[in-house]
Amino acid sequence: MLFLSLFGALNPPPLRLGPPQQLLVMTGGVRGGGRARRRGGSDGRGRSRGPAVRPPAKLLTASLARAESASEVLRLHADHGSAFNEIHLATCWSRLASTSQKEGRASSAGDLAPLRQQTVVLADTLGPRAIASTAHALARLGHFSGAGTSDGDEWDALWRALGVAAALRVTEEGGAAFGPQGLSLTAWAFAKASAGQAPPQALLDAIAVAAIPRLHEFKAQELANLAWAYGKSEHAAPALLDAIAAAASPRLDDFKSQELANLAWAYGK
């Protein structure tokens, strides 16, 4: 899964109960008769009150990663959102993308509002991999900037906050902090989510500068996604596209047919 590959192996301790159930027990959410007692939840203003006792960070991450439905992911956020760190936020969005696609339906805007608001507030504290994972998940969920929906302004605010944070991280920390996967996913996500609007120019400029000296580390899919992102956004980056072509040419046998099609499309724009 994406969030696992970005953050590394979690290796949570063995659990006798499933993670969500054990989490309830450890935070006092289960009492007589095995009935769950909700702790925390929303305070009525879109903020998570969180549990009276903060759960162990690794257990909370494991619970999010193993949640089997979007409603279970959102319940974990409602109950424990105040304890979330950047890994929890990114894992939460990634798991929402996976479960929503599996279920074939999207969560309502109202259900996502508290998580979206918290992500906006914490965007400038997110590290490179959390930014890449969150942006990728949002693009997969179809929550695009400038989409013209009733809550479009709120999604615009989230994408702007992530874009500013991403550009700053790429500029200050360079390509090594994001890695090939993080750079390609971030560019792909912002290009896909722009919905007819130009992606953040400063971010795409920064990714191009950071990626060029590291293209030899990129896998075929990452090269194809990066080229597609710049073609989709119609952002002028001739030095990057020349470097991608030079890196891809000796390795064309490594590319799948769709990846070759994406490369051809990007260079035909």
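Visitor: How much of the 269 residues in the protein is buried?
Guide: Buried residues make up 51% of the 269. Buried means under 20% relative accessible area, exposed means over 50%, and partly exposed is in between, with a 1.4 Å probe and protein chains only. This is a predicted model: local features need pLDDT of at least 70 and side-chain atom pairs count only at pLDDT 80 or more, while totals for chains, interfaces and linings use all residues. Residues are numbered from 1 along each chain as its sequence is written, and side-chain values use heavy atoms, with hydrogens and water left out.

Visitor: How many helices and strands does the protein have?
Guide: Twelve helices and two strands. These are DSSP runs numbered from the N terminus: H or I with at least four residues for helices, E with at least two for strands. Along the sequence the pattern reads α-α-β-β-α-α-α-α-α-α-α-α-α-α.

Visitor: And what share of the contacts comes from residues 24 or more positions apart?
Guide: 74% of the contacts with a separation of 6 or more. Contact means heavy atoms within 4.5 Å.

Visitor: Back to burial. How many residues of helix α3 are buried?
Guide: Seven of the ten residues in α3 (residues 57-66) are buried, so this helix is largely enclosed by the rest of the structure. They are Leu59, Leu60, Thr61, Ala62, Ser63, Leu64 and Ala65.

Visitor: Next, packing. At what angle do α5 and α7 pack?
Guide: About 25°, with the axes of α5 (residues 86-103) and α7 (residues 128-141) 8 Å apart. That makes α5 roughly parallel to α7. Axes are lines fitted to C-alpha atoms, for helices over the stretch in contact, and angles run from 0 to 180 degrees between N-to-C directions. Under 35 degrees counts as roughly parallel, over 145 as roughly antiparallel, 65 to 115 as roughly perpendicular, and the rest as oblique.

Visitor: Left-handed or right-handed, when α5 passes α7?
Guide: The crossing is left-handed. That term applies if the near helix is turned anticlockwise from the far one by less than a right angle; clockwise is right-handed.

Visitor: Which residues in α5 and α7 meet?
Guide: On the α5 side they include Trp93, Leu96 and Gln101, and on the α7 side Leu138, Arg140 and Leu141 are among them. By class, the contact of α5 with α7 has eight nonpolar, six polar and two charged residues. Ala, Val, Leu, Ile, Met, Phe, Trp, Tyr, Cys and Pro count as nonpolar, Asp, Glu, Lys and Arg as charged, and the others, Gly among them, as polar.

Visitor: You mentioned Gln101. Which side chain does it join in a polar contact?
Guide: The side chain of Arg140, at 3.2 Å. A polar contact is a pair of N or O atoms within 3.5 Å; within protein, one must be able to donate a hydrogen and the other to accept it, and residues adjacent in sequence count only if both atoms are side-chain atoms. Gln101 is partly exposed, at 47% relative accessibility. Gln101 and Ala70 are 31 residues apart in sequence, with their C-alpha atoms 9.6 Å apart.

Visitor: How are α7 and α8 set to each other?
Guide: They are oblique to each other. α7 and α8 (residues 152-192) pack at about 130°, with axes 9 Å apart. Their contact has 18 nonpolar, four polar and four charged residues.

Visitor: And α8 with α10, at what angle?
Guide: About 30°, with the axes of α8 and α10 (residues 220-233) 8 Å apart. α8 and α10 are therefore roughly parallel, and α8 passes α10 in a left-handed crossing. The residues of the contact divide into nine nonpolar, four polar and three charged.

Visitor: Where is His235?
Guide: In the loop between α10 and α11 (238-248). His235 counts as buried, at 9% relative accessibility. A polar contact of 2.7 Å joins its side chain to that of Gln201. Not counting residues up to four places away in sequence, His235 touches Gln201, Leu204, Asp205 and Tyr230.

Visitor: What about Glu234, buried or exposed?
Guide: Exposed, at 62% relative accessibility. Glu234 is also found in the loop between α10 and α11.
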